[in-house]
Amino acid sequence: MKPVIYITRKIPEVILQPYRDAFDFRMWEKENEPVPRDVLLREIASVDGVFCLLSEKIDHEFLAAAGNLKVVANMAVGYDNIDIQAANEHGVIVTNTPDVLTETTADLTFALMMAAARRIVEASDYIRDGKWEYWTPYLLAGSDIHDKTIGIVGMGRIGEAVARRAKGFGMSILYHTRTRKEQAEQELGVAHRGFTELLEEADFVISLVPLNEQTDKMFNQEAFGNMKSSAIFVNASRGGVVDENALLEALKSNEIQGAGLDVFANEPISPEHPLTGLDNVVCLPHIGSASTDTRTKMIELCLDNLKAVLNGQEAITPVR
Ligand code: 8YV
């Protein structure tokens with residue numbers, strides 16, 4: 001009997017095909033709709049492995065409902081949807097998808113920063129809305145990126161990849177992490193700062209920290225108050241690291257100049273979300289790693305992790 005894997009969203013058959021010798025798959029067949037919790041809890045009762053997305057909460061309730069479960073492969077580098085301690089207690093191995101998405105997510109982070117700085121979305125809408133009647137000297141004038149200071153909060157793999165891009169743009173690069181990254185300092189010429197100092201000095205503040213107890217709402221009223229009034233805040237990690245009410249107030253009162261947001265505290269957001277109503281904010285639907293190639297690599301890494309663990313080998317990218 002082959003191990004049974006439950007997949008919580010529709011995955012193209014062409015990707016699953018090479019793994020069909022190894023597994024029996026059960027899948028939630030809808031691409032655009034998350035599996036309802038009661039269906040999920042029922043489905044996992046007799047499976048060996050689960051392939052899930054961030055929208056699935058892997059907690060005590062889930063783990064108790066999954067009798068034979070040995071491994072959960074999360075299709076994301078972040079795993080704040082998973083209670084790792086609970087998984088450990090249940091003897092369930094958890095894997096994530098680092099590395100394969102680093103460059104793609106850094107591309108998007110940089111694009112979001114540039115879009116917010118140069119008002120790309122606003123400018124595109126300007127034409128679509130039929131507003132472009134004549135040219136004026138300061139028409140849709142934004143902020144320069146070259147020669148400015150970028151402050152990266154969270155200097156992991158994606159942070160370093162953003163720093164490499166910033167270097168190419170001639171930016172000064174500051175970073176904040178709890179422990180200094182001396183190798184990155186030498187290789188990329190980045191300079192470490194305390195959180196407050198970074199906020200005070202940076203023209204662009206980029207959040208790339210994972211969400212955990214220490215980072216929960218770390219970008220709060222005080223943090224936005226410490227930023228320059230010309231600062232642009234970019235969040236490409238998790239919405240939970242931001243106090244969204246404080247961000248909204250900072251943007252409305254011009255305490256900061258703009259924001260680029262790929263992530264929100266409660267996703268998905270609707271057009272009624274107050275942050276979507278501001279011209280100085282670019283909002284994206286959590287597409288950091290969303291290139292076709294990278295998403296395929298992420299799916300394959302999940303399947304390879306499931307295969308390794310269920311064959312009795314070490315997981316390729318375990319979370320501990
Ligand atoms: C995921 C992400 O693609 O990797 C992460 O942590 O946030 C994204 O890259 C997305 O969350 C799908 O699960």
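This is a predicted model: local features need pLDDT of at least 70, side-chain atom pairs count only at pLDDT 80 or more; totals for chains, interfaces and linings use all residues.
User: What does UniProt place at residues 6-319?

Analyst: An unreviewed UniProt entry has the feature "domain: D-isomer specific 2-hydroxyacid dehydrogenase catalytic" there.

User: And which domains is the protein divided into?

Analyst: There are domain 1, made of 4-98 + 292-319, and domain 2, covering 102-283. Their C-alpha centres lie 32 Å apart.

User: How many residues of each are in contact with the other domain?

Analyst: Four residues of domain 1 meet six residues of domain 2. On the domain 1 side, one of the touching residues is nonpolar, two are polar and one is charged.

User: Switching topic: which residues are around the ligand?

Analyst: You'll find Leu53, Leu54, Met75, Ala76, Val77, Gly78, Leu101, His286, Gly288 and Ser289 there. By class, this shell has six nonpolar, four polar and no charged residues.

User: What about the inside? Which residues have the most contacts in the largest nonpolar core?

Analyst: Those are Met113, Ile152, Val162, Ile206 and Val234, in a core of 54 residues. Helix 5 (residues 102-117) is the top contributor, giving nine residues to this core. Apart from this core lies another one, of 38 residues, with Cys52, Val71, Val92 and Leu101 among them. In soluble globular proteins, nonpolar side chains tend to be buried together.

User: Back to Ile152: what is it in contact with, leaving aside neighbours within four places in sequence?

Analyst: Ile152 is in contact with Gly159, Val162, Ala163, Ile173, Tyr175, Ile206 and Leu208.

User: One more residue, Arg238. Where does it lie?

Analyst: Arg238 is in the loop between strand 10 (232-235) and helix 11 (244-252).

User: Is Arg238 buried or exposed, and why?

Analyst: Arg238 is buried, because it has 25 C-beta neighbours inside 10 Å, and a residue with 20 or more counts as buried.

User: What does Arg238 touch, not counting residues up to four places away in sequence?

Analyst: Arg238 touches Gly78, Asp80, Pro210, Leu211 and Val263.

Terms used
Residues are numbered from 1 along each chain as its sequence is written. Domain bounds come from an automatic or database domain assignment. Two residues are in contact if their C-beta atoms, placed from the backbone, lie within 7 Å. Ala, Val, Leu, Ile, Met, Phe, Trp, Tyr, Cys and Pro count as nonpolar, Asp, Glu, Lys and Arg as charged, and the others, Gly among them, as polar. UniProt positions are given in the numbering used here, feature names are shortened, and annotations may be inferred rather than shown by experiment. A residue is near a molecule or strand if its C-beta atom, placed from the backbone, lies within 6 Å of it. A nonpolar core is a set of buried Ala, Val, Leu, Ile, Met, Phe, Trp, Tyr and Cys residues joined through C-beta atoms within 7 Å. A residue is buried if 20 or more other C-beta atoms lie within 10 Å of its own, exposed if 12 or fewer, and partly exposed in between; C-beta atoms are placed from the backbone. Helices (H or I, at least four residues) and strands (E, at least two) are DSSP runs, numbered from the N terminus.
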